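Subject: Structure handover

Dear colleague,

Here is the structure I said I would pass on.

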Amino acid sequence: MEDQVARRAQVLRNHLLHLAAPIPPAPTTLSPNHCVGYSPPDLNEPFSFNPTDMRGLLDSHHLADRDWLFGLMTQSRLFNPLQRGAKVFVSPDYNQSMEQQREATMRRIEYLQDKGVYQGWLTGTGPEAELRRFAFYEVIGIYDHSLAVKLGVHFFLWGGAIQFFGTKRHHDKWLTDTENYVIKGCFAMSELGHGSNVRGIETVTTYDSNTGEFVINTPCESAQKYWIGGAAKHATHTIVFSQLNINGKNQGVHAFIAQIRDADGSVCPNIRIADCGHKIGLNGVDNGRIWFDNVRIPRENLLNSVADVSPDGKYLSAIENADQRFAAFLAPLTSGRVNIALAAIYSSKISLAIAIRYSLTRRAFSVTPNGPEVLLLDYPSHQRRLLPLLAKTYAMSFAGNDLKKIYVKRTPEFNKIVHVISSAYKATFTWHNMRTLQECREACGGQGLKTENRVGHMKSEYDVQSTFEGDNNVLMQQVSKALLAEYIAAKTRNKPFKGMGLEHMNNPCPVISSQLTSSTLRCSKFQNDALCLRERDLLNRFAAEISQYQAQGESKEYAFILSYQLAEDLGRAFTERAILQTFIEAEATVPAGSLKDILSLLRSMYALICLEEDAAFLRYGYLSTDHAAAVRKEVTKLCSEVRPHALAVVSSFGIPGAFLSPIAFNWIDANAWSSVLH
């Protein structure tokens, strides 16, 4: 015991003596490291083509109007200008409370109203007016998704319902006041118990022939209207979707106009409204819940383009088939899906512009002793993470432009095509956007977590796109159902396929060469053939599987449910083939030169990444394992060829620097101590 005490005492004595010893001087051979500096990528990344020309292809229309609106927002303090280093950025303050964000959104809406931004959004007619509205709406979405959604509910859902479901009496009474924001509209379709299944909603409306009024009721808690944008705080009127019961017979879902607040903002009698509360994103939108307790509205408030009720209570409709009537009532959602698809493209553009610009100035690790650190985008792995997503975003931009052209020139005969394509693109573009946002967030490292750098926060802002105005999985099933109907119709009539882009089914089945060289893989004919081969085979397999289940005694509806995997594969195949065709068509409009060369690289990357990512190509034998290896190698090669043009490609998006983020520019200056003091 005494030996242990002595030994511990000696150890302690030696330790204290060591602390008291003088500290030796630092070795003179050490030299301080050089501080990391910022070098603008524009100085080191020459452009081989004119980004202005490329932007003309991507934005397609109303470029001057877009730039005017960008300028309008940067000039007002309502859009929260924030200086970081030498640059000023505009972005909502997401640190504000939910109530503050809602009020800020409403003030911005009023500012844009005063500046005439919404002129003609509902009262204008023709493709030109609609395309101008699309252009402005896309720019607004680049600034803030809440602002865009709040406007979308008012103009495209409430206003669109009046346009599409209403007749002249409704247009005359409501459209001008809606465009001028004299009234504030919302759209009460979704319920606590029913979202995608609109046909199953439980709100009930009856007709009182003694007074000439409809009576709207929420019969149970699951029938409360839920997630109604604008209802919690600002909306004065709503479109109510409800079952219409006439003389004891349910005539199905119909749409009515009901006032929910008076001019002073007080909730109207017999109406109860509650707040949906704080959300993971979109807190600038006041989502609410609505209950109707014997709410009486004039007979004229039935939107009657599809069906009407006479003063004495007779149900009148030129469309006798209930299914066809129901389909007609879903028309406004097409407009919403188009806007959501387009917004997803621009969100992807923002995140890629930020992440790629950052990767062109941020360095990490050296590959040689004492050598310079390497730019992130010079790592092949970083190129593989971002550049295929960039190619997909370009492809979807051209597809989005094509969708707009189809939409603004729509006729009743093309309603089905618009519905199918908008459903396919809405699902595909929003899924792509969420994947892109996540990859860009990770590619920005810790800086991607800062709200001011946009990318990380945009994930929560845009997550809702996957489920609102149609759950993506449900929409893609609708696409496959529509394709199956076309298939059955063509086979039954024994006539060629016509429409839905299925004309390629009339041609001989494409054959994939046993040897896939680099030039073959980059050939647009091979790429189109590969995607058409997949689509036609999956459509044949899908039809055969449905038929097999029916032969076993299953109903057509249940057979479709059982074939969900082929339905998902087919929906993807249809969409990716359609997107590629719009890319090929856009590329064909460009004369030979550097711009066309870059488009060719991006088109090839898009097509080959579709081949690489979908297991169906190997599962069903469209490609061999050797083919798949060749495709993978070619994508990597394409990444290295696109890399020198990366800055020019994202600069072509035409998004002003103020709408990006500090890490897209001089992130050292933006984080300097002087910025803290400022």
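Confidence

This is a predicted model. Mean pLDDT for the protein is 93, with 95% of the residues at 70 or more. Residues 15-21 are an exception, with pLDDT below 50 and zero contacts in the model beyond near neighbours in sequence. Another such stretch is residues 23-32, where pLDDT stays under 50 and the model has zero contacts beyond four places in sequence. Where pLDDT is low, the predicted coordinates should not be read in detail.

Strand 10 (residues 287-292) is joined to strand 6 by three bridges, and the two run antiparallel. Within that pairing, Lys-225 has Ile-290 of strand 10 as its bridge partner.

Strand 1 (residues 81-84) and strand 2 (residues 87-90) also run antiparallel and are joined by four bridges. Opposite Arg-84 stands Lys-87 of strand 2. The hairpin made by these strands has two residues between them, and Gly-85 there takes a positive phi near 65°.

Helix packing

Two packed helices are described by the angle between their axes and the distance between the axes. For helix 4 (residues 63-74) and helix 6 (residues 127-143), the axes come within 9 Å and cross at roughly 35°. The crossing of this pair is right-handed. Helix 4 contributes Asp-65, Arg-66, Trp-68, Leu-69, Phe-70 and Met-73 to the contact, while helix 6 contributes Arg-132, Ala-135, Phe-136, Glu-138, Val-139, Ile-140, Ile-142 and Tyr-143. By class, ten of the residues in the contact of helix 4 with helix 6 are nonpolar and four are charged, with no polar ones.

Helix 6 also packs on helix 7 (residues 145-165), where the axes come within 6 Å and cross at roughly 145°. From helix 6, Arg-133, Tyr-137, Ile-140, Gly-141 and Tyr-143 take part; they meet His-145, Leu-147, Ala-148, Val-149, Leu-151, Gly-152 and Phe-156 of helix 7. The residues in the contact of helix 6 with helix 7 comprise eight nonpolar, three polar and one charged. Ile-140 and Tyr-143 of helix 6 are listed in the contact with helix 4 and also in the contact with helix 7.

The structure has 41 salt bridges. One of them pairs Glu-45 with Arg-643, the closest N and O atoms lying 3.0 Å apart. These two residues are 598 residues apart and link distant parts of the chain: Glu-45 is in the loop between helix 2 (41-44) and helix 3 (51-59), and Arg-643 is in the loop between helix 21 (625-642) and helix 22 (646-651).

Gly-657 lies in the loop between helix 22 and helix 23 (667-670). What does Gly-657 contact, leaving aside its neighbours within four places in sequence? Its contacts are Phe-89 and Phe-665. Gly-657 and Phe-89 are 568 residues apart in sequence, yet 7.4 Å apart in space from C-alpha to C-alpha.

Regards

Methods. Residues are numbered from 1 along each chain as its sequence is written. This is a predicted model: local features need pLDDT of at least 70, side-chain atom pairs count only at pLDDT 80 or more; totals for chains, interfaces and linings use all residues. Side-chain values use heavy atoms; hydrogens and water are left out. pLDDT is the predictor's confidence in each residue, from 0 to 100. Contact means heavy atoms within 4.5 Å. Two strands pair if DSSP finds at least two bridges between them. Axes are lines fitted to C-alpha atoms, for helices over the stretch in contact, and angles run from 0 to 180 degrees between N-to-C directions. A crossing is left-handed if the near helix is turned anticlockwise from the far one by less than a right angle, and right-handed if clockwise. Ala, Val, Leu, Ile, Met, Phe, Trp, Tyr, Cys and Pro count as nonpolar, Asp, Glu, Lys and Arg as charged, and the others, Gly among them, as polar. A salt bridge is a side-chain nitrogen of Lys or Arg within 4 Å of a carboxyl oxygen of Asp or Glu.
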